[in-house]
Protein chains: 2
Amino acid sequence: MKESLRPGGRSARVQAAVHAAVRDLLRDRARSELTIPAIATRAGVTPSTLYRRWGSLQDLLADVAVERMRPEGDPDDTGSVRGDLEEWLEQYIEEMTSVPGRAMTRDVLGCTGAAPRQCAAFLRRQIEVIAARGAARGEPALDVDAVVDLVVAPVMYRLLFDTAPVDPAWWRGLLARVVPPAG
Amino acid sequence: MKESLRPGGRSARVQAAVHAAVRDLLRDRARSELTIPAIATRAGVTPSTLYRRWGSLQDLLADVAVERMRPEGDPDDTGSVRGDLEEWLEQYIEEMTSVPGRAMTRDVLGCTGAAPRQCAAFLRRQIEVIAARGAARGEPALDVDAVVDLVVAPVMYRLLFDTAPVDPAWWRGLLARVVPPAG
DNA sequence: CCACTAACGCAAAATATTCGCGTTAGTGGG
DNA sequence: CCCACTAACGCGAATATTTTGCGTTAGTGG
């Protein structure tokens, strides 16, 4: 994430070790035990390195969360825009409904940097890929803004402001408002 | 916020003093200077009181933010559901677009308690009031869920994930999807 | 191979957090 | 009104964390 002036060798190793340490501790230990000194010990570096490089635990967590939210590839191709969106949303919601998933989003929002914008960009990009594939197939144009505003945003709102699980019928209904069911 | 077992006298005074101290410091000082000891000094109490009662700075800030977001009264009555919503949204967005406004929402989301749910409840309640007034006037029923999902959620998404100002034409367009413009 | 310097390690100093214990002051019963 | 009870607070010691100065290490570019 950090556009380091010196991205090579040691810096990269330290960053990888720290990220791995955060992911490990985030899995094993309670959140209240997730402290900078603990992460530093696990990563084999001194705390001051983390303070200097990330500034605070919040910003470090946001950095790690952004990396975990970065898509590893394009959304699955199901043969139709509607199918692609449905598949992609289902996976996204499943990942983000879990307690650690919700925590990740909050970590992103709790930082001082550009993590939130980056995250939103990831989501939008995935939708754009789906839209582009649909266009190539000759399907009617997908309104990406509408998907963000009328589907992604309500889902995110639920995830952030409510602890209840997200009803599949509900978000499929949202999707149907933007993209008519295939077939 | 705290459903104290003993809400009277001293406890209430301490809470009021602490909330006031947070609001003051939040206005005067930079956010990085907003620390528990600083708040305690300003409020005239010892830090340990804050730690015992609120647990952490995050939870204290969330508590204060919830109080600031609690509506002070019903939305203005403009004579129509559409007008009420427009007026209410305009005020809400204006308040929340500012840097401290956005910070408030993030404070709410960064806590461990029920602040987010409480906040969402506030918003929903306001919309319900508008809906009830409309019903009493004989207007067509307002779908409160639709307002939350298709208007409030997208606005919140923008506020949280983007730093750009919110375009009035855009959110009025969202509103028009749910409530046709008043004739 | 060398000069340059970003990034790191280390340790001391400054701050923040936790905890035990005594005290204060709401609360409820007589 | 008075008293017993105890939640909530104050204080200070003990811990834990964050910050900072300075020497060292190791990428980077010539």
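How many residue pairs are in polar contact between chain B and chain A? I began my notes with this question, and I keep in mind throughout that the model is predicted. The count I found is 6 residue pairs, with both residues of each pair at pLDDT 80 or more. I then looked up salt bridges between chain B and chain A, and for these the count is 0.

**Entry: the fold of chain A**

I went through the secondary structure of chain A and noted 9 helices and 0 strands, so that, as written from the N terminus on, the elements read α-α-α-α-α-α-α-α-α. I also looked up the extent of the C-alpha trace of chain A, which spans about 60 × 35 × 25 Å along its principal axes.

**Entry: domains and record features**

Next I looked up how chain A is divided, and I wrote down domain 1 at 9-55 and domain 2 at 73-178. The C-alpha centres of these two domains of chain A lie 30 Å apart.

I turned to the UniProt record, where an unreviewed entry places the feature "domain: HTH tetR-type" at residues 12-72 of chain A. In the model, I found that residues 12-72 of chain A are 75% helix and 0% strand, with the end C-alpha atoms 20 Å apart. The unreviewed UniProt entry also places a "DNA-binding region" at residues 35-54 of chain A. For residues 35-54 of chain A I noted 80% helix and 0% strand, and here the end C-alpha atoms lie 13 Å apart.

**Entry: where the two chains meet**

Which elements of chain B give two or more residues to the side that touches chain A? I listed α6 (99-109), α7 (115-136), α8 (144-161) and α9 (168-178) of chain B, and I marked α8(B) as the source of the largest share, with 11 residues.

Counting residues on each side, I noted that 26 residues of chain B are in contact with 26 residues of chain A. I then looked up the area, and found that chain B and chain A bury about 2,300 Å² between them, of which 63% is on carbon and sulfur atoms. In chain B, the residues that lose the most area to chain A are B:Leu109, B:Tyr157 and B:Phe161, which together make up 31% of what that side buries.

**Entry: how the copies are related**

What rotation superposes chain B on chain A? I found a rotation of 180 degrees, with 0.0 Å of shift along its axis and an RMSD of 0.0 Å.

How values were computed. Residues numbered from 1 in each chain as written. Chains lettered and ligands numbered in written order. Predicted model: local features only at pLDDT ≥ 70, side-chain atom pairs only at ≥ 80, totals over all residues. Heavy atoms only, no water. Least-squares fit on C-alpha atoms with pLDDT ≥ 70 in both. UniProt positions renumbered as here; feature names shortened; annotations may be inferred. Helix = DSSP H or I, 4+ residues; strand = E, 2+ residues; numbered from the N terminus. Domains from an automatic or database assignment. Contact = heavy atoms within 4.5 Å. Buried area = accessible area lost by both parts, 1.4 Å probe. Salt bridge = Lys/Arg side-chain N within 4 Å of Asp/Glu carboxyl O. Polar contact = N/O pair within 3.5 Å; in protein donor to acceptor, adjacent residues only side chain to side chain.
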